[in-house]
Amino acid sequence: MNLEELNKQRIIELKKLIDNANYYYYTLDKPVIEDSLYDSLYRELINIEKEFPQLKSHDSPTNRLGGETAKGFKKIVHDIPLYSLDNAFNLKEVQDWIAKTEKLLAQSNKKCLVAELKIDGNAIALKYHDGILHTAATRGDGKEGEDITNNIKRIKSIPLKLRIDKPPQWLEVRGEAFIDLHSFKKINKLREKNNQTLFANPRNACAGSLRQLDPKIVSERKLDFFAYQIFFPDNFKICDVEDNHWTRLKFLKNCGFKINNHSSLIYNTEELTNYCNFWEKEREKINFDTDGIVLKINNIEDQKKLGFTQKAPRWAIALKFPAEEVSTKILNLSFQVGRTGVITPVANFNPVQLAGTKVSRATLHNLDRYQELNIHELDTIVVRKAGEIIPEVVRVIKELRVSKAAKIPFPVICPSCGEKLERQPELSATKCTNKRCDSINIGIIQHWASKSAMNIDGLGKKIIEQLFAANLISNIADLYTLDNKKLMTIERMGNKSINNLLKAIEESKNKSWSKKLFALGINHIGQVTAQSICNKFDNIIKLRETTLENPERIKKINGIGEEVIESLKNWFLDDINSSLIDNLINQGVHFSDALEDITLNLNPKINQKQFVITGTLNSMQRSKLIEKIEKNGGFVKTSISNKINYLISGENPGSKLIKAKQIGVNILSEKDIIAFFSDN
Ligand SMILES: [Zn+2]
């Protein structure tokens, strides 16, 4: 199939899905897919139609203004159609829109905008005759809606009679009917009690209520209304000053309508950015759902000049808040081996915008979820990212499955080492149990180097993998044997990054004992548990002894249960781990805060003193020197301050020497420090 043929097929599938979603949403009042998902499918359709205009058919859902009208209510034709708004998905698109309107208006002066929260409710058109509410209609398809006048009369924030003297002969008000979050929770609670199906969201509950044939329900469910637009005869004046949207909102307020008081006048880019960024977060705190920000050109004359496209006004745009769920087509599944050996299936796809960031992979968590989702090749999947959570695959849109596509299989052998995988149903996990598996060991080192553990800057996954591939490291202890010469062999590592990395590795030795215990990545030992253990045990040797010989003593620590003790036991019983600890201590990584416990021969010239090293050393490696200092109870720091006792200055010292001299830090040559050691 060629590209056009493929897209033609995709259009047919998308059309079917969108039409179906529209029907369920507008006609049956039972949404079948999430709004953001609908948006992303709709957008995909628009994009394909833009790229292949010849494929756009007259029955495309993108030609429509809105939904169908439901049966059971009288129809009302809208004298002035209810347009939908064009959407922008980020500030850049808003700015493009502003630039476009300014160009169309061919005026150099900046336009004032009005920003309003986009209430996630149901658009309503209210007609007043001589100041008295005459009819109220739903939006319907934009041209024709349903007569819901009797229901609307039950919304207390809608005046039945306008509160102004001398109202015009006719007046039309547009706004959003909605149910606030507090009332929504109450409604669903009651429905749960009565064993009725729950409403999906407040908008859905509001739409359902407006369509009730019994108006009492509208008052019971406490529907509310925000007005945001007004039409009146040309000869009617609402005020003496410039006719603009802002004064019209004030006028609506005077008429007795509720106006959303979070609206704001916007004069420049800074104000626009601040408003949008503020409400993207703050919306969580208000008592009704919003799904974006509406921006309108304030001046009515300008609005008239700009006019409308086929579907939407040119003088307004809706900035949608970032979607937390979007659909995308899968490229493939990869299977990651974590540091515990657990296999995590991950979906890879072309990048999509999700919750404000670009995302191209999402987790399926484990084998159970993999089986539930049953992903086939080329499937369209729904991906979610809420807040700080890692993106995850929520479900598959089966309606978009390509015929004859095969299910993507779960591996039976470890994709890293080739060993047979083990199923552990009690953990809903599939594991590689090979202790020499590269992926597992890379994961262990990655955890050791991570921010919350040893925080070794510059030692990310990529570098660790390179070091592994070059056979320079195979476990944590090997990190401390790295030197300049070894790192020079790594591709794309310059002198500067090598020095920085070695420095960061060296510095990690000074991390606290509890950080080191946590960094080992022992099952069930999180940061808090590690801290409680370290408060009781001075060093790892004591912890190992107690775990193996007297585990009852560990149990006495607050919050430490059987599973932690079991996990510690298994860990220490493993020969690989035992020799790892010995190796690390030999490399100068002391699992202790009180150095006295391990280093018995404390040199009084070095013990408790702080050192900084600069320049090149001739007689020994820098790491060896640091080790020696630490073994003698000293500390090696990286920057000069007035707390530092000595600067050890080798050949070609850097700016540290100058600074040390300035603040009067004692300077030692390489010879001096060697003499210190022999003094002991
Ligand atoms: Zn493996």
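How many Å separate the centres of domain 3 and domain 5, taken over C-alpha atoms? The separation of these two centres is 52 Å. The model is a predicted one, in which local features need pLDDT of at least 70 and side-chain atom pairs count only at pLDDT 80 or more, while totals for chains, interfaces and linings use all residues. Residues are numbered from 1 along each chain as its sequence is written.

**Domains**
- The protein chain is divided into domain 1 (3–63), domain 2 (75–320), domain 3 (325–431), domain 4 (438–505) and domain 5 (602–679), with bounds that come from an automatic or database domain assignment.

**Sheet**
- An open, antiparallel sheet is formed by four strands in the order β5-β4-β7-β8, where strands are DSSP runs (E, at least two residues) numbered from the N terminus and two of them pair if DSSP finds at least two bridges between them.
- Because β5 (132–138) and β8 (224–231) stand at the edges with a single partner strand each, one side of each is left without a neighbour in the sheet.
- Strand β4 (residues 122–129) is joined to the antiparallel strand β7 (residues 170–178) by eight bridges, and tyrosine 128 stands opposite leucine 171 in β7.

**Helix pair**
- Helices α18 (residues 540–549) and α20 (residues 562–573) have axes that come within 9 Å and cross at roughly 110°, the axes being lines fitted to C-alpha atoms over the stretch in contact, with angles running from 0 to 180 degrees between N-to-C directions; helices are DSSP runs (H or I, at least four residues).
- Arg544, Thr547 and Leu548 of α18 make the contact with Leu568, Lys569 and Phe572 of α20, contact requiring C-beta atoms, placed from the backbone, that lie within 7 Å.

Definitions and conventions:
Two residues are in contact if their C-beta atoms, placed from the backbone, lie within 7 Å.
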